[in-house]
Amino acid sequence: MKDNTLAKIFAIGAACALTAGTALAQATTSVTTNVEPMSAGLTTSTGSIATYAPGGDYFTFRTTTGAEPVRYYYTRETTVLDPAGHAVAWSDVRPDLPAKVYYAREGDRMIVRKVVLTKPVNVIEKKETTTTTTTTAP
């Protein structure tokens, strides 16, 4: 009887050692995928900005010319990008500017995470020139 119990204990010990050795010998492999974090899991809408007022918390966006504009709320984390992917200031956003909006629905609101302008922002540079005319008496 003692022989049988000792054999069982030895067998269980050997099985545990084999299992632990196998578990410790396994290599860990991690796979990283290149997913754009700003647009993963978001809904997109393409159209044009209908109204925008600086300092507000939303802008209205129209998907087609005849469609009613819809409110899209933005936060401090919302980014605005030009067609090349460079960050643009909110002050460059204006009505009738075509864009693609990436948003997530939270309750009855659409919270914008990213706005990609599909038309380059025209920067208007004002230059003043002064012309002076001098006449001399004969």
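**Exercise 1. Which residue in β4 does Ser45 stand opposite?**

Solution. The model is predicted: local features need pLDDT of at least 70, side-chain atom pairs count only at pLDDT 80 or more, and totals for chains, interfaces and linings use all residues. Residues are numbered from 1 along each chain as its sequence is written, and side-chain values use heavy atoms, with hydrogens and water left out.

Step 1. Strands are DSSP runs of E with at least two residues, numbered from the N terminus. Two strands pair if DSSP finds at least two bridges between them.

Step 2. β1 and β4 pair in the antiparallel sense over 6 bridges.

Step 3. Within β4, Val101 is the residue that Ser45 stands opposite.

**Exercise 2. Determine the order in which the strands close into a barrel, and describe the pairing of β4 with β5.**

Solution. Step 1. The barrel is closed by 5 strands in the order β1-β2-β3-β5-β4, with mixed pairing.

Step 2. From one strand to the next, the twist averages 55°, where axes are lines fitted to C-alpha atoms and angles run from 0 to 180 degrees between N-to-C directions.

Step 3. β5 (residues 109-117) pairs with β4 in the antiparallel sense over 8 bridges. The two strands form a hairpin with 2 residues between them, and Gly107 in the turn has a positive phi of about 70°.

Step 4. Tyr102 stands opposite Lys114 in β5. Lys114 also lies over the face of Tyr102, at 4.4 Å from the ring centre; the criterion is NZ of Lys or CZ of Arg within 6 Å of the ring centre and within 35 degrees of the ring normal.

**Exercise 3. Classify the aromatic pairs Tyr52 with Trp90 and Phe61 with Tyr72.**

Solution. Step 1. Rings of Phe, Tyr and Trp (its six-membered ring) pair if their centres lie within 6.5 Å; planes under 30 degrees apart count as stacked, over 60 as edge-to-face and the rest as tilted. The structure holds 10 such aromatic pairs.

Step 2. Tyr52 and Trp90 are 5.5 Å apart, centre to centre, with 25° between the planes, and the pair is stacked. Tyr52 lies in β1 (residues 43-52) and Trp90 in the loop between β3 (70-81) and β4 (98-106), 38 residues apart.

Step 3. Tyr52 is buried, because its relative accessible area is 14% and buried means under 20% (1.4 Å probe, protein chains only).

Step 4. Phe61 and Tyr72 are edge-to-face, at 5.5 Å centre to centre and 80° between the planes. Phe61 belongs to β2 (residues 58-62) and Tyr72 to β3. Phe61 is buried at a relative accessible area of 1%, and Tyr72 is buried at 5%.

Note on methods. Helices (H or I, at least four residues) and strands (E, at least two) are DSSP runs, numbered from the N terminus. Buried means under 20% relative accessible area, exposed over 50%, partly exposed in between (1.4 Å probe, protein chains only).
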